[in-house]
Amino acid sequence: MTDTAHSAAHTAAVFRQEYGAAPAGVWAAPGRVNLIGEHTDYNAGFVMPLALPHTTLAAAAPRTDGLLRLTSDGALGGTVELRLDDLRRTPDAGWAAYPAGVAWALREAGHRIGGADLYFTSTVPLGAGLSSSAALEVATALALDDLHGLGLPRPELALLAQRAENAFVGVPCGIMDQTAAACCTAGHALFLDTRDLTHRHVPFDSAAAGLRLLVVDTRVRHQLGDGAYAERRAGCERGARALGVRALRDVPVALLPEALAKLADDPVVRDLVRHVVTENDRVEQAVAHLDAGRPRAIGPVLTAGHTSLRDDFKVSCPELDLAVEVADAAGALGARMTGGGFGGSALVLVEEAAAEPVTEALRSAFATAGHTPPRIFPAVPGAGARRLTP
Ligand code: GLA
């Protein structure tokens, strides 16, 4: 999609065509890549995502008759009309379940919202592990919040969006993606403690440091709802129970050997625990490097994170492993899969001068292996959700 087609003005114009009147405003929420901290968010741990420049735009106007009308551009799907009073979970409701779920979650939480007309358009790649769902949810949440003058704090909007996805859409995700979409700021990664949603914006101006962060969309489509994610989650909960802690976040890395010894007769859970505990530690290492102005030093931390996701958490796939291996061999500072796994995207940190050769090496390795050509693009940390107009 061109920049113009994705502008607030164009989105407002399409809304007017669809609904016959101008919208009250246009809101945007971004997709994300997670720099480090994978599968830690449902263990009350640390994550560090950043917002992509790719966004979902929502043009919206309030209604007073309790009707929710949802339309989107071709990428998402057609028009859906629902009564707020009738909102209930319908399996396989498609894209409209995400915005409908947000309206449902707001009402469930006791917020008085009337109806609304909404039109969505998005440049966040779908199914690429870049949180297109969270972008759609958070754009809706912010639009409805603003339209109805609720003034909810950003972390609260993220929680409502997550509730929509968990309880209405039926995907058992953590809180990282929605918080990234709601709370990120340009030029920064978001260091988030998922236990209490306290967060800090950590400067990560990759361009000024002479670095590039490449996103490699393997085009292998992941499906978080397919059970493997829920299985990992359940395994982590089993581990926490066996160790007598509230969540795996409460196992300090210094006590990991003891914890692993206790889990010796359950190797699957033992490996999951090893990943989560070391991954929380990797987030803290990465934050320390960025705070100290050493962005290059996070490279090996990223690659160690990939090894752990591949070998211990077992959520990688051949395409993601190939991307990481080839990027590292071609001179990247570090690389890893990002997001839930089983496909989706990898991220690669490179010196600016190495971006071209590394990209070439990736393309050629995918061709040689007979994989679908990956989509590779640079990411600079973008802004979180915002109102664009008026
Ligand atoms: C998906 C989920 C997130 C998080 C990641 C793994 O993106 O939506 O909540 O669990 O997987 O880190």
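Reader: Which way does H3 pass H5, left-handed or right-handed?
Author: In this predicted model, the crossing of H3 past H5 is right-handed.

Reader: And what angle do helix H3 and helix H5 pack at?
Author: About 50°, and the axes of H3 (residues 132-147) and H5 (residues 176-183) are 9 Å apart. That angle makes H3 oblique to H5.

Reader: Ok, which residues in H3 and H5 meet?
Author: From H3 you have Ala-134, Glu-137 and Val-138, and they meet Asp-177, Gln-178, Ala-181 and Ala-182 of H5. Sorted by class, that contact has 4 nonpolar, 1 polar and 2 charged residues.

Reader: Switching to H9 and H10. How far apart are their axes?
Author: They are 11 Å apart, with helix H9 (residues 298-313) and helix H10 (residues 318-329) packing at about 150°. Since angles over 145 degrees count as roughly antiparallel, H9 is roughly antiparallel to H10.

Reader: Is that crossing left-handed or right-handed?
Author: Left-handed, for H9 passing H10.

Reader: Who's touching whom there, which residues meet?
Author: Thr-303, His-306 and Arg-310 on the H9 side, with Leu-320, Asp-321, Val-324 and Asp-328 on the H10 side. The class count for this contact is 2 nonpolar, 2 polar and 3 charged residues.

Reader: Zooming out, what does the domain assignment give?
Author: Domain 1 covers 3-202 + 382-387, and domain 2 covers 204-378. Taken over C-alpha atoms, their centres are 25 Å apart. Domain 1 puts 38 residues into the contact and domain 2 puts in 47.

Reader: How much area do domain 1 and domain 2 bury between them?
Author: About 3,400 Å², with 62% of it on carbon and sulfur atoms.

Notes: Residues numbered from 1 in each chain as written. Predicted model: local features only at pLDDT ≥ 70, side-chain atom pairs only at ≥ 80, totals over all residues. Heavy atoms only, no water. Axes fitted to C-alpha atoms, helices over the stretch in contact; angles between N-to-C directions. Helix = DSSP H or I, 4+ residues; strand = E, 2+ residues; numbered from the N terminus. Parallel < 35°, antiparallel > 145°, perpendicular 65-115°, else oblique. Left-handed = near helix turned anticlockwise from the far one by under 90°. Contact = heavy atoms within 4.5 Å. Nonpolar A, V, L, I, M, F, W, Y, C, P; charged D, E, K, R; others polar. Domains from an automatic or database assignment. Buried area = accessible area lost by both parts, 1.4 Å probe.
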